[in-house]
Amino acid sequence: MRLTVLGGCGAWPEAGQACSGYLVEHDGFRLLVDLGYAAFPRLLQQIGADQVDAVFISHGHPDHCADLNPLLRARALRDDPPPPLPVYALPGALDAVLALDRPGMLDDAYVLHEFTAGSAFDIGPFRAETRLLPHWVPNAGVRLTAGGRVLAYTGDTGPSPDVVALARDADLLLAEATHVDEVPEDSRRYLSSARQVGRQATEAGVGKLILTHLWPGTDPAAARAAAGDGYRGEIVVAAPDLSLELS
Ligand SMILES: [Zn+2]
């Protein structure tokens, strides 16, 4: 299984950088996990819009799903449109982004598979096990298994035992770490810090940790150091075009 980071900015994109978007490949199958602001042009630096096989969206915040619109436009408006794109999301999560264009315009470009958080299903060669994690809106963490490797992704979440359960013994935990040390009071139930994520990575026994969704302006070294107080394994901060093979 190969993971390529398209973007890892929390909240809004920065110059030359995109919000959450991850290309996960196995056995020639290309799955996009989240596609936030500005992630689509980053995707195009890797593959064509018609080469995406499926999309999984963790939750309906635009920094995780806004660039679904240009992806669908790029597929629907070409002379030889590819088959409808399977899109997996929680019920209602994509209502807003799918309503951006005139009614019907993108209907043939996708097939929406709405799932219940907690359910498990196959996406191509991937087994996807989902879990509801605490956020302002329903957010599905996902545990992807393929070829004997496991990637766990939190989406956006406050601290929860369910994060540890989602990531148990995963080869890689890709975790939202919006803040470095302290999460402000008004966000404490719904977002995480790098420090918390490091502890959770140890508790879950993961092989490697990638911190993502850092608040714009955050020093990546500070985030890595905070996570490193609780986790002794390899820690990487999500950066554009970071690509690694799970092993
Ligand atoms: Zn969010």
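A definition to start: a strand here is a DSSP run of E, at least two residues long, numbered from the N terminus. With that in hand, take a hairpin: β8 connects to β9 through five residues. Keep in mind that this is a predicted model.

Now the sheet around that hairpin. It is open, it has seven strands, and the order is β7-β8-β9-β10-β11-β12-β13. Pairing is mixed. At the edges sit β7, residues 120–123, and β13, residues 234–237; each of these pairs on one side only. On average, neighbouring strands are turned by 20° against each other, direction ignored.

β7 pairs with β8, residues 126–133, in the antiparallel sense, over four bridges.

β8 and β9, residues 139–146, run antiparallel and are joined by seven bridges. Here Ala-128 stands opposite Leu-144 in β9.

Jump to the other end. In which sense do β12 and β13 pair? Parallel, over four bridges, with β12 covering residues 208–212. Leu-209 has Ile-235 in β13 as its bridge partner.

Two helices pack here. Helix α6, residues 194–204, packs on the sheet and touches β11, residues 172–176, as well as β12. The direction of α6 makes about 160° with that of β12. Helix α7, residues 220–228, also packs on the sheet, touching β12 and β13. For α7, the angle with the direction of β13 is about 150°.

Next, the other open sheet. Seven strands, mixed pairing, order β6-β5-β4-β3-β2-β1-β14. Its edge strands are β6, residues 110–114, and β14, residues 243–245, each pairing on one side only. Neighbours in this sheet are turned by 20° on average, direction ignored.

Inside this sheet, β3 and β4 run parallel, joined by three bridges. β4 covers residues 54–56. Leu-31 stands opposite Ala-54 in β4. Which strands does helix α3 touch? β3, β4, β5 and β6: α3, residues 68–76, packs on the sheet. Its direction makes about 165° with that of β5, residues 85–89.

Now the rings. A pair of aromatic rings is described by the distance of the centres and the angle of the planes. The whole structure gives seven aromatic pairs. One of them is Phe-29 with Phe-126, at 6.2 Å centre to centre and 65° between the planes. Why edge-to-face? Because planes over 60 degrees apart count as edge-to-face, and this pair has 65°. The pair links distant parts of the chain. Phe-29 lies in β3, residues 29–35, and Phe-126 lies in β8, 97 residues apart.

Last item, the largest pocket. How much space lies in it? About 160 Å³. Its lining counts 14 residues. Nearest the centre are Glu-14, Gln-17, Leu-214, Pro-220 and Ala-238. By class, the lining holds nine nonpolar residues, four polar and one charged.

That's the tour. Over to you.

Conventions. Residues numbered from 1 in each chain as written. Predicted model: local features only at pLDDT ≥ 70, side-chain atom pairs only at ≥ 80, totals over all residues. Heavy atoms only, no water. Pairing = 2+ DSSP bridges. Axes fitted to C-alpha atoms, helices over the stretch in contact; angles between N-to-C directions. Contact = heavy atoms within 4.5 Å. 1 Å grid on protein atoms, 1.4 Å probe; cavity = no way out; pocket = protein on both sides within 12 Å on 5 of 7 lines; lining within 4 Å. Points joined across faces, edges and corners; volume = space filled by probe spheres on them. Nonpolar A, V, L, I, M, F, W, Y, C, P; charged D, E, K, R; others polar. Phe/Tyr/Trp six-rings, centres within 6.5 Å; stacked < 30°, edge-to-face > 60°.
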